[in-house]
Amino acid sequence: MTSWRVGRFSGLKAWAAVITAVGLSALAAGLASPGGEAVAKPPASMEFCKIYPTAHACAASPVVNCTTCHTVPPARNLFGAQVAEHLAPGAARPLSDADYIAALPAALKAVEALDADGDGISNLDEILKGSAPENGDSRPTAVSCTPGQTRSAAAGRWNTCGYDPVHAWRKVVLDVCGRSPTRAETDAFRRRLPSESSWREGISGQLDTCLRSPYWLGVNGVLWNLANAKINPQDSIKAGPRAGSIPLADYEWDYNLFAWMNTGDRDVRGLLTSQDFVKRVSDDPPTFAAVPDADLKGMRQAGQTVPREKRAGMITTRWFTTVNTMFTPIPRTTAAAAYRQYLGLDLARMQGLHPAVAEPIDYDAKGVGAPACAVCHSTLDPLTYPFTRYDGIIRNNYNPNRLKNFVRTDGARVVEAPEAGEIFGQKVANLLEWSQVAANSDAFAQKVTWDYWKMMVGREPSPADQTEFALMWKSLKAPDKFNYRVERMLHALVLTEAYGRP
Amino acid sequence: MRMPGLFAALTLAVMAAVAVAPAVVSAQEAAPASTDPRIKFKDGERYLRDLSETFEIPRDEICRELSRYDCSNKAFRIVLGGVDPYDARVMQPLDQATLASPIAFDRVALQVCANRVARDRADPAKALLFKSAAGRPDRAWRDALTDRLYDRILRRDASVAERDRMAAFLQGVEGRTGRSARGQSEQTLLACFALASSAEAAFY
C-alpha cells in the first residue's frame, strides 16, 4: 500500500485538484518573494531533482510536484517559506526564470539543516528519505528489523525481515503465469532452499516460462493491459476484426508492437524508435513476427501507412495519429500524449517543462503566446513541431507539405511552423531525432521501470525502495547490464527486496 | 444459479468468515509482523482460475451471475481488479478497492463454494469437498473436511490451531443446520466460504 508520504509527491489526484482550483495562470503569474506576494515557479519542479538527484521523489521521476514547496500554489508551505526567505535576498522582484534557477541551489542549501516542520528531522534528511519536510506527522519510514526479529522471521512461515525466496517465487507464478502454484510445485521449490544458487535458478526458470505464457503475452494479457493507457483503445473507431461503427484504425497492431518491443532480446527503446510493423502470428502460444514491407498489403490500411524510413515506433502508428492528431495542424495533444505515456512527464501537471527561447510563436493563431499559456507552451509547442508532418485521421502518412491544408482554417502563418523542434532543451530536426533523444533519456528508462515496478511490486516506489528502483532504471540503460532489455530487468526485479520481502 | 440452501447459507456467511478467518491470520506464528507489508489482491480472474483448477469445475462454469454473466469477466469485472479499456475506459486496475469489492468478492466465493457442494451432492462418487458422514458427524469428520478445504483452497495443511478452530465452528453451526446430510452439506459450504473469502485466499 502506498504511504501517504509517497502519495504526497506523486498524488496525481491531489495535483489535479490543485490545477483545477487555481488555474495555470496563477502558477504562471510571478515568482517567490520573501516578504511579498507568494507565487510559484514551474521550472523548479525539474530543477529540484538536478540539485537532489538522490532524493526519494526524484528516483521515480525527474520532476517533483509543486506541493514540495506549496500548499495550494502559489501559497507556500512551511518548507517553501524557508526556501523563499533565502532565495536571492535583496534582489529585485520578479526574478526571471534564469535568475530564479541560479539562486535556487543556494537557497535550498541554506535550509538543509533547518527543520521546517519541527519534527526533529532536518529538511535534508526528509528530502532524501522521502518524508515531507513541511509536515510534522511525516517521518522517514524505518523498515529494518532488530537482530532478534531477523532470527525469528527467518524461522517463521514468511521471512518478514528479508528476501523470502518462496514468497517471491509464488508471486512470480501469480504475477506472470496468472495462477497459484500447486502444492507439488511448492514442495519442489522448497527443496531448492538450502542452495541459494538453486532457488535463484528456480525463480529465474519460472519467470522465463511464465514470460511466454498467454497470461503474460496474450490478447488482454498482462503486457496488453500495461499498454492500455498508452494506446487508449476505443472500439467505436476500431478498424479490422470486430470493427466499430466508424472504423478508422486498428489498435491491435499497436499492442503487437508494444509486446514485441517488451519481450525477448529486443531493445525497449524501439517503443519510440522502431520501424517494424508486427503481427500476432498466434495467441496460444503467443507468437509475433515483424512483417516485411512487401507483405504489408492488406494490413497497411488498418495499421501502418507511414513509410518505414519515417516511422518512430508507437508514436507514428495509424492508431496513435488517428486518436491524438485527428485533424489538428499543430498536434499538441499528440506530443503531450507521447511525453506523458512514454516519458512519464505530464505537462498538464507542469512536469518536464524546458522552456525554449523565443517560444511559443503561435503559428496557428491559438493565442498560446499569452503569458498564462506561454508557461507551458514554450515547452509544448517546440515539442510538437516534429509531429506536424504526420497526418491524423484519413491519410495517416508522412507529408512534408501537410500544413498547406490548414491555411484556410488556421491562418496563413501555419505553413511557417517548422518540422524542427526541441525536447529536453535539445534541438531536433524531425520526429526521428526527437524519438532518439526521448528514447535515450533518463525519463524514458524511469518510465519503463516505473510501469513494471508498479505492476510487479504492486505500488509506486516507496522511500524504502529508492535505492533498488534507481538501480533498476540505471541498469536498464547500462550496456553492460540490462542494455534496454525488459526481460533482463524483470529477472533482477524479482530478486529485489521490494518484490521478495513479505 | 439457484442453490438449495443458499439463502440460509447467506444468513450464516458472515458468521462463518468471522469465526474462521482470524485463525488464518494467526497462523503466522513466529515471524514478526512485516514492517512494510505489500500484499497484492489476486483479482477476480486469477481467483477464479485458481478455484476452477482446484475445484475441478471448468472456468466458464464456475461462477455466473444470474446464470448468465461471468463473475470476473462481466458482472464484477472492475470491482474485482479488472480493466475495461474499450467501453468503460478503465485502462488500469483501480488503485483502491471500491466499496462494492468485498461484497462482490464474498458473493463470488459463496457462489463458487455452493457450485462445488451442489456438484458433490449430485454425484457423491466424485465429491471433492462434501462427503457425508457415515454416522453422526464427529471430530474426525470435521478434521477430514478441514484438511480437504485447506488442501484445495489454501493449498497447504491446516495447523493444529486452525483445525481446532474450524471444528469448533462446524460444531457451532451444526446447531442451526442440523446433522442431516443436508445440514452437513451446508456446514461444508460455510466452511468453504470462510476459507475462500479469507485474506490468505484473496491476497498474495
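**Entry 1. Domains 2 and 4 of chain A**

I began with one pair of domains and found that 11 residues of domain 2 of chain A are in contact with 7 residues of domain 4 of chain A. On the domain 2 side, α9 (165-177) and α11 (196-210) of chain A each supply at least two residues. With 5 residues, α9(A) gives the most to this side. I noted that the side of domain 2 that touches domain 4 divides into 5 nonpolar, 3 polar and 3 charged residues. Ala, Val, Leu, Ile, Met, Phe, Trp, Tyr, Cys and Pro count as nonpolar, Asp, Glu, Lys and Arg as charged, and the others, Gly among them, as polar. The centres of the two domains, taken over C-alpha atoms, are separated by 19 Å.

For the bounds I looked up the domain assignment of chain A, which gives domain 1 (4-129), domain 2 (161-210), domain 3 (234-439) and domain 4 (445-500). Such bounds come from an automatic or database domain assignment.

**Entry 2. Basis and confidence**

I record that this is a predicted model, in which local features need pLDDT of at least 70 and side-chain atom pairs count only at pLDDT 80 or more, while totals for chains, interfaces and linings use all residues. Residues are numbered from 1 along each chain as its sequence is written, and chains are lettered from A and ligands numbered from 1 in the order in which they are written. The mean pLDDT (the predictor's confidence in each residue, from 0 to 100) of chain A is 88, and 90% of its residues reach 70 or more. Over residues 1-36 of chain A the pLDDT is below 50, yet this stretch has 70 contacts in the model beyond near neighbours in sequence.

I found 10 of the 10 residues of helix α14 (residues 252-261) of chain A buried, so it is largely enclosed by the rest of the structure. A residue is buried if 20 or more other C-beta atoms lie within 10 Å of its own, exposed if 12 or fewer, and partly exposed in between. Among the buried residues of α14(A) are E252(A), D254(A) and W260(A).

Y452(A), by contrast, is partly exposed, with 18 other C-beta atoms within 10 Å. I located Y452(A) in helix α22 (residues 442-457) of chain A. Leaving aside neighbours within four places in sequence, Y452(A) is in contact with M489(A), L490(A) and L493(A).

**Entry 3. Chains A and B**

I counted 25 helices and 4 strands in chain A, and 8 helices and 2 strands in chain B. Helices (H or I, at least four residues) and strands (E, at least two) are DSSP runs, numbered from the N terminus. Buried residues make up 47% of the 502 residues in chain A and 39% of the 204 residues in chain B. At the interface, 24 residues of chain B are in contact with 30 residues of chain A. The chain B side divides into 9 nonpolar, 4 polar and 11 charged residues.

How values were computed
Two residues are in contact if their C-beta atoms, placed from the backbone, lie within 7 Å.
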